[in-house]
Amino acid sequence: MALDRDTAMQVASVLSKGLPYIQQFTGKTVVIKYGGNAMENEELKSSFARDMVLMKLVGINPIVVHGGGPQIGDLLKRLKIDSRFVNGMRVTDSETMDVVEMVLGGQVNKEIVSLINQHGGTAVGLTGKDGNLIRARKLEVKQESPELSRSEIIDVGHVGEVENVSTGVIDMLTRSNVIPVIAPIGVGDDGLSYNINADLVAGKVAEALKAEKLILLTNVAGLQGQDGNVMTGLSASQVNDLIADGTIHGGMLPKIRCALNAVEGGVETAHIIDGRVAHATLLEIFTDEGVGTLIARD
């Protein structure tokens with residue numbers, strides 16, 4: 001593995017300071033959902049790639065699942081294809097799905113793979129369609145209809161949810177010292193492609209692999225309490241209480257539910273961390289302070 005100078009210096013620093021953590025997590029699997037600011041800023045992109053290389057070098061198995069919503073939106077605009085959203089989800093007809101596959105499975109995925117390889121790692125890009133990695137089913141979206149005084153099902157097209165994760169391809173790659181980089185596209189029993197939320201894919205992949213950690217990179221400092229401070233070291237039951245009393249609400253709720261489902265499904269810990277911080281993944285794993293919110297199994 002040929003490391004560039006900056007990565008080599010980072011390796012030396014982590015090896016000198018983080019030995020207890022390295023010993024604790026050697027051989028373990030960490031699933032990282034990569035998106036948001038960390039994917040759009042050039043410096044942060046490089047620091048993320050170095051983090052993945054270092055993790056693999058010290059014996060941890062990183063699995064990357066990435067998003068790409070802004071990139072999809074940009075290409076749709078250039079192609080003059082209108083976007084419509086229902087409950088925050090992009091309505092994805094066949095024409096839009098072609099663009100989604102082009103962006104996620106091509107442009108974004110290949111850029112991440114290339115960056116990791118440039119920094120001395122060996123990465124391979126996948127979509128959920130490769131090796132039947134992600135079996136999907138069409139997502140049914142319910143929306144309240146005041147006119148009908150009931151909920152109605154909205155057809156959002158090729159938007160799916162994870163039905164099953166087959167880990168064979170991932171296991172083969174990790175045994176070969178390769179970092180898998182996964183685009184969140186699944187295939188249904190009907191043979192059609194489905195666009196799936198990257199957080200949900202990362203969570204289900206982590207559950208299927210019985211990963212040590214699920215790490216969700218986001219654009220906030222973490223889960224904030226009513227006093228505005230970031231909360232961490234939470235148990236699953238504490239998180240459920242915070243949902244029940246309304247402390248966790250709004251846009252953070254889907255991400256928290258994803259993390260909660262992962263730990264309840266067998267993942268040891270889930271982390272919601274600030275992707276705007278350089279080397280956020282390493283700081284969360286190899287330091288006591290971390291850079292976000294940790295949720296652990298009860």
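Modeller: Let's start with a cut-off: a residue is called exposed when its relative accessible area is over 50%, buried when that value is under 20%, and partly exposed in between. And keep in mind that this is a predicted model.

Biologist: Fine. Why is K80 called exposed, then?

Modeller: K80 has a relative accessible area of 73%. The cut-off is over 50%, so K80 is exposed. K80 sits in the loop between α5 and β3, and its phi is near 60°, a positive value in a residue other than glycine.

Biologist: N177 also has a positive phi without being a glycine, near 65°. Why is N177 called partly exposed?

Modeller: The relative accessible area of N177 is 42%. N177 belongs to the loop between α7 and β10.

Biologist: On to the annotation. Which residues does the UniProt "binding site" cover?

Modeller: According to the unreviewed UniProt entry, the "binding site" covers G68, G69, R90 and N195.

Biologist: What makes you say that those residues gather at one spot?

Modeller: They span 128 residues in sequence, but no two of their C-alpha atoms are more than 12.3 Å apart, so they do gather at one spot. G68, G69, R90 and N195 also belong to the lining of the largest pocket.

Biologist: Is G69 buried, exposed or partly exposed, and how do you know?

Modeller: G69 has 33% relative accessibility. G69 is part of helix α5, residues 69-78.

Biologist: And why is R90 called buried?

Modeller: R90 comes out at 13%. Buried means under 20%, so R90 qualifies as buried. R90 is in strand β4, residues 89-90, and its contacts beyond four places in sequence include G69, I72, F85 and V159.

Biologist: What makes the pairing of R90 and S83 a polar contact?

Modeller: The two side chains come to 2.9 Å of each other. The limit for a polar contact is 3.5 Å between N or O atoms, one able to donate a hydrogen and the other to accept it. So the R90 and S83 side chains make a polar contact.

Biologist: How many aromatic pairs are there?

Modeller: The count is one aromatic pair, made by Y34 and F48.

Biologist: Why is the pair of Y34 and F48 called stacked?

Modeller: Their ring centres are 3.8 Å apart, with 5° between the planes. Rings pair when the centres lie within 6.5 Å, and planes under 30 degrees apart count as stacked. So Y34 and F48 are a stacked pair. Y34 is in strand β1 and F48 in helix α4, so the pair ties together parts that are 14 residues apart in sequence.

Biologist: How do you know whether Y34 and F48 are buried or exposed?

Modeller: Y34 has 2% relative accessibility and F48 has 4%. With buried set at under 20%, Y34 counts as buried, and so does F48.

Biologist: N109 is a polar residue name I'd like to check. Why is N109 called buried?

Modeller: N109 has 1% relative accessibility. The limit is under 20%, so N109 counts as buried. N109 lies in helix α6, residues 94-118, and its side chain reaches the backbone oxygen of V181 at 3.0 Å.

Biologist: What about V181 itself: why does V181 count as buried?

Modeller: V181, in strand β10, has 0% relative accessibility. Again the limit is under 20%, so V181 counts as buried. V181 and A123 are 58 residues apart in sequence, with C-alpha atoms 6.8 Å apart. Among the residues V181 touches beyond four places in sequence are V64, N109, I112 and A123.

Biologist: Which residues touch the most other members of the largest nonpolar core?

Modeller: That core has 44 residues, and V31, I182, V205, L214, V239 and I256 touch the most other members. Its largest share, seven residues, is from helix α10. A second, separate core of 43 residues includes V58, M97, V103 and A280.

Biologist: And how much of the whole protein is buried?

Modeller: Of its 298 residues, 54% count as buried.

Terms used. Residues numbered from 1 in each chain as written. Predicted model: local features only at pLDDT ≥ 70, side-chain atom pairs only at ≥ 80, totals over all residues. Heavy atoms only, no water. UniProt positions renumbered as here; feature names shortened; annotations may be inferred. 1 Å grid on protein atoms, 1.4 Å probe; cavity = no way out; pocket = protein on both sides within 12 Å on 5 of 7 lines; lining within 4 Å. Helix = DSSP H or I, 4+ residues; strand = E, 2+ residues; numbered from the N terminus. Buried < 20%, exposed > 50% of the residue type's maximum accessible area, 1.4 Å probe, protein only. Contact = heavy atoms within 4.5 Å. Phe/Tyr/Trp six-rings, centres within 6.5 Å; stacked < 30°, edge-to-face > 60°. Core = buried A, V, L, I, M, F, W, Y, C linked by side-chain atoms within 4.5 Å.
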